[in-house]
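Here is a short briefing on one protein model.

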Amino acid sequence: MTNELVLIFDFGSQFAQLIARRVREQNVFCQIVRHDISAARVKELNPKGIILSGGPASVYEPGAPHCDPKIFELGVPVLAICYGMQLACYFMGGKVGQTAHTREYGRATLTVSERNTIFQGYPTESTVWMSHGDQVQVASSDFEALASTDTCPLAAVKHKTRPLFGLQFHPEVAHTPHGGQILANFLRDVCGCSGSWKMTAFIDNTVRDIRAKVGNKRVICGLSGGVDSSVCAALLVKAIGPQVACIYVDNGLMREGETELVKHTFRDWFKADLHAVDARERFLTALKGVSDPQEKRKIIGKTFIDVFKHEAKSIPDAHFLAQGTLYPDVIESGGSADGPAATIKLHHNVGGLPAELGFELVEPLRDLFKDEVRRLGVELGLPEEVVWRHPFPGPGLAVRVLGDITEAKLATLRKADTIFLEELHKSGWYRKTSQAFAVLLPVQSVGVMGDGRTYENAVCLRCVQTDDFMTADWSRLPEDLLARVATAIINKVKGVNRVVYDISSKPPATIEWE
């Protein structure tokens, strides 16, 4: 991708991916690797720098994750964060432990005593985010202190002869307002990175790689209408044009206008070979009378594979299947040779299709985070309503209509959902939130409309803020906005007389209701 690579050693930190995103924001390419990757392999990868992440363990405990000590002898600049700092100092003769005063969780005031190198241009005093039980109590004589807090005398250190820096606090989190300055100083001034990781360069390199891999064969790309698959398809169209066949399966469970937008974007705008399959009746027949959410998912997944396979057979000389796999998917599924070994979850963006069809996979987005995919979509000329579209679950509205699925219920939900999203767009709140949607509840309630008593459906509105979708908090939408949405839904959507707002966080709730 670039001749400037930074490796992030993962010691089990909840912030490892966040560190990577912050490095990418400095236009420097980085990869998350196992904590125990060998020094020989690091030398082979030839990185410009190394970042050691934090982690929940204590460096002196039996079985605690340790890196290969020889990485500190390679001459590659190292920035060690939290657990990483403790480990580096521990390897070099320091003492790490805890006392009644070493625990620090939350904001702390950092006082910088040495403002050269990584603290160049940094305030003498600033707020930083601490999250540690242990700390370096005594560093060897090879280190000098750079900064401190009231309870942590060695909040930042520098090795006197090696390009090794340690931070007890977390520069990657938003709660450390000037953390980006430290990372920029390390990457630019210490590692010598020029910042060549840009979307234009990524497009040029990826287009070249796709052409080399595919040759004159055809590629099938599964289009869902979401951001990832749309950007993947647009990139493939740019690379190999008519060799790409995009298959879009309309399962009857899509949002209002979704199918029309996909057709317009890829058939009219990109002039792509789009196969739009109308399978609405087939899906709804298969789902008739089914209320269990897991059973719904199984039925939808199986039906999708059957429909997709049938359409794929009509495309001659197809040897490749494209997926919109992202870098977090690769990390969490253990799909990278040098990445963290533990598999958090499996990702199959188009089910078991690669194995069933005997196709070779093409995953042009597998090095990108979600925000980078959106930037790529803008570069490729995708419409804003596609690039900034909120995530949509694979089973579609089937998991937002609680209980059994009918055409009438889907129509009711689509109207309510459209009103909610339109009001968010008009008020400027759509881009401020991460995911918003309506849910049709399987309950009815008493209401009064005009002079008559009603007994009709309830709709729940869900809107969340999140960076990674692994945790999420409910969005504090203005009361007048919620009032407008509720009034519009009750007045315009026949059969609804009550609107509620979900104020649950994840965890303990999930973002979707099913």
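Helix 8 (residues 280-287) and helix 9 (residues 293-312) cross at roughly 150 degrees, and their axes come within 10 Å. The model is predicted. Its mean pLDDT is 90, and 93% of the residues reach 70 or more. Over residues 342-351, however, the pLDDT is below 50. Beyond near neighbours in sequence, that stretch has 19 contacts in the model.

**Helix 8 and helix 9**

- The crossing of this helix pair is right-handed.
- Helix 8 contributes Arg282, Phe283, Ala286 and Leu287 to the contact.
- Helix 9 contributes Lys296, Ile299, Ile300, Thr303, Phe304, Asp306 and Val307.
- By class, the contact of helix 8 with helix 9 has seven nonpolar, one polar and three charged residues.

**Helix 14 and helix 15**

- Two packed helices are described by the angle between their axes and the distance between the axes.
- For helix 14 (residues 407-427) and helix 15 (residues 479-492), the angle is about 145 degrees and the axes are 9 Å apart.
- Helix 14 passes helix 15 in a right-handed crossing.
- On helix 14, the contact residues are Ala416, Ile419, Phe420, Glu423, Leu424 and Ser427.
- On helix 15, they are Leu481, Arg484, Val485, Ala488, Ile489 and Lys492.
- Sorted by class, this contact of helix 14 with helix 15 has eight nonpolar, one polar and three charged residues.

- Strands of a sheet pair through backbone hydrogen bonds, either parallel or antiparallel.
- Here five strands form an open sheet with parallel pairing, in the order 14-13-12-15-16.
- Strand 14 (273-278) and strand 16 (360-362) are the edge strands, and each pairs on one side only.
- From one strand to the next, the twist averages 30 degrees.
- Strand 12 (residues 218-223) pairs with strand 13 (residues 244-250) in the parallel sense, over five bridges.
- Isoleucine 220 has alanine 245 of strand 13 as its bridge partner.

**Helices on the sheet**

- Helix 6 (residues 227-240) packs on the sheet and touches strand 12, strand 13, strand 15 and strand 16.
- The direction of helix 6 makes about 160 degrees with that of strand 12.
- Helix 5 (residues 199-214) lies across strand 12, strand 15 (318-322) and strand 16.
- Helix 5 runs at about 165 degrees to strand 16.

**Aromatic pairs**

- How many aromatic pairs does a search of the whole structure find? The search finds nine.
- Phenylalanine 11 lies in the loop between strand 1 (5-10) and helix 1 (16-25), and tyrosine 83 lies in helix 3 (residues 83-91), so the pair ties together parts 72 residues apart in sequence.

**Backbone geometry**

- Most residues other than glycine have a negative phi, and most peptide bonds are trans.
- Asparagine 27 is not a glycine, yet has a positive phi of about 60 degrees.
- Asparagine 27 is found in the loop between helix 1 and strand 2 (29-34).
- Lysine 506 and proline 507 are joined by a cis peptide bond, with omega about -15 degrees.
- A cis peptide bond also joins proline 507 and proline 508, with omega about 10 degrees.
- Proline 507 is found in the segment after strand 20 (496-501), and proline 508 is found in the segment after strand 20 as well.

How values were computed: Residues are numbered from 1 along each chain as its sequence is written. This is a predicted model: local features need pLDDT of at least 70, side-chain atom pairs count only at pLDDT 80 or more; totals for chains, interfaces and linings use all residues. Side-chain values use heavy atoms; hydrogens and water are left out. Two strands pair if DSSP finds at least two bridges between them. Helices (H or I, at least four residues) and strands (E, at least two) are DSSP runs, numbered from the N terminus. Axes are lines fitted to C-alpha atoms, for helices over the stretch in contact, and angles run from 0 to 180 degrees between N-to-C directions. Contact means heavy atoms within 4.5 Å. pLDDT is the predictor's confidence in each residue, from 0 to 100. A crossing is left-handed if the near helix is turned anticlockwise from the far one by less than a right angle, and right-handed if clockwise. Ala, Val, Leu, Ile, Met, Phe, Trp, Tyr, Cys and Pro count as nonpolar, Asp, Glu, Lys and Arg as charged, and the others, Gly among them, as polar. Rings of Phe, Tyr and Trp (its six-membered ring) pair if their centres lie within 6.5 Å; planes under 30 degrees apart count as stacked, over 60 as edge-to-face and the rest as tilted.
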